[in-house]
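Colleague: Please take a close look at the aromatic ring pairs in this model. Where do the paired rings sit, and how are they set against each other?

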Amino acid sequence: MQKETLMMNRRDLFLAAAAAGASAALPAFAQPSRAICYNCPPEWADWGGMLRMVNQRLGIQVPPDNKNSGQSLAALIAEKAKPVADVVYLGGQVGPQAKAAGVIEAYKPKRWADIPASLKDAEGSWFTIHSGTLGFFVNTQALRGKPVPRSWADLLKPEYKGLVGYLNPGSAAVGQVGVISANLALGGSYENLDPGIKFFKQLQANSPIVPTQTAYARVLSGEIPILIDYDFNAYRGQYGDQAPTVFVIPQEGTQQLPYVMGLVKNGPNPEQGKKLLDFVLSDEGQSHWANAYLRPVFSAAMSADVKKRFLPDTEYQRAQAIDVQKLSVASKAIGERYQKEVG
């Protein structure tokens, strides 16, 4: 009996040791490659499709993240001592702010040299991956017979009360672009924000809907019939989701904004982050953005079939390239004045 018990004890110890060894070895084989991207919401710019592609092509898992640009910068600053993210996606004007805050570091991805100088930081802290043109994303069915607005001035008409929406300029990059676009179209400048702030104060009489996060689904459902937003969302609704949506470039003019990415300083998975940044500039990555109706930083990635779905170039002549550096300086004043005088 003693001998039998001793043999059982030895067997149990052997099995326990084997299990422990297997357990210790398991993470090396089972833990997938991972990268954290701030402000990569699946409903925006088809980041959902991009994240799936990154997983399939690179074997890197990137969970979706619904922060906007301002929230992402605030999180990076708060986590500066112990970063959580590896890469970040930002409205163009927030790239210089992130560099100044010391939360992103220089990395020149493959094809960096091919990016126009005006669309990247000279040291590689941020670079453009695609851009969009701001205008009106309109659900024509939800207008219930009202005409499609064609100008900034139209949005102030009483017939559109409760029908107009825009993202909060206090934190969302697209909200700030909305203010500066209206401001420049109505006679203001990057230094003189009075016309834009006045416009949004007047718009308050029409009871606008002001979400903080991307509102794509709310336009498709008709909850927000008119959203001050980008062309790529409107085209996606029209052609991708077969929704009754159209895109309008305001008669007074508008702006085109580049969207940028950067490598988070001291992020936990820098090598995976760098691979992701390389991929979004690859031929396949750039074609993905074009097929999602964004203008890729490398224009050759857009096929003729996709280009045909955009409004004619004559319409886009009313859209000017935004000055990222000037907007970066003005964005703080935009947020502060909006909160104080409008919101």
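Modeller: What follows is an account of the aromatic pairs. The model is predicted, so local features need pLDDT of at least 70 and side-chain atom pairs count only at pLDDT 80 or more, while totals for chains, interfaces and linings use all residues. Residues are numbered from 1 along each chain as its sequence is written, and side-chain values use heavy atoms, with hydrogens and water left out.

Rings of Phe, Tyr and Trp (its six-membered ring) pair if their centres lie within 6.5 Å; planes under 30 degrees apart count as stacked, over 60 as edge-to-face and the rest as tilted. By this rule there are 21 aromatic pairs. In one of them, tryptophan 44 and phenylalanine 232 have ring centres 5.3 Å apart and planes at 90°, so the pair is edge-to-face. This pair links distant parts of the chain, 188 residues apart: tryptophan 44 lies in the loop between strand 2 (37-38) and helix 2 (47-58), and phenylalanine 232 in helix 8 (residues 231-240). Helices (H or I, at least four residues) and strands (E, at least two) are DSSP runs, numbered from the N terminus. Tryptophan 44 is buried, with a relative accessible area of 7%, and phenylalanine 232 is buried at 1%. Buried means under 20% relative accessible area, exposed over 50%, partly exposed in between (1.4 Å probe, protein chains only).

The rings of tryptophan 47 and tryptophan 289 also form an edge-to-face pair, with centres 5.0 Å apart and planes at 70°. Tryptophan 47 is in helix 2 and tryptophan 289 in helix 10 (residues 283-291), 242 residues apart. Tryptophan 47 is buried at 0% relative accessibility, and tryptophan 289 is buried at 0%. Ring pairs link Trp44, Trp47, Tyr89, Tyr230, Phe232, Tyr259 and Trp289 into a cluster.
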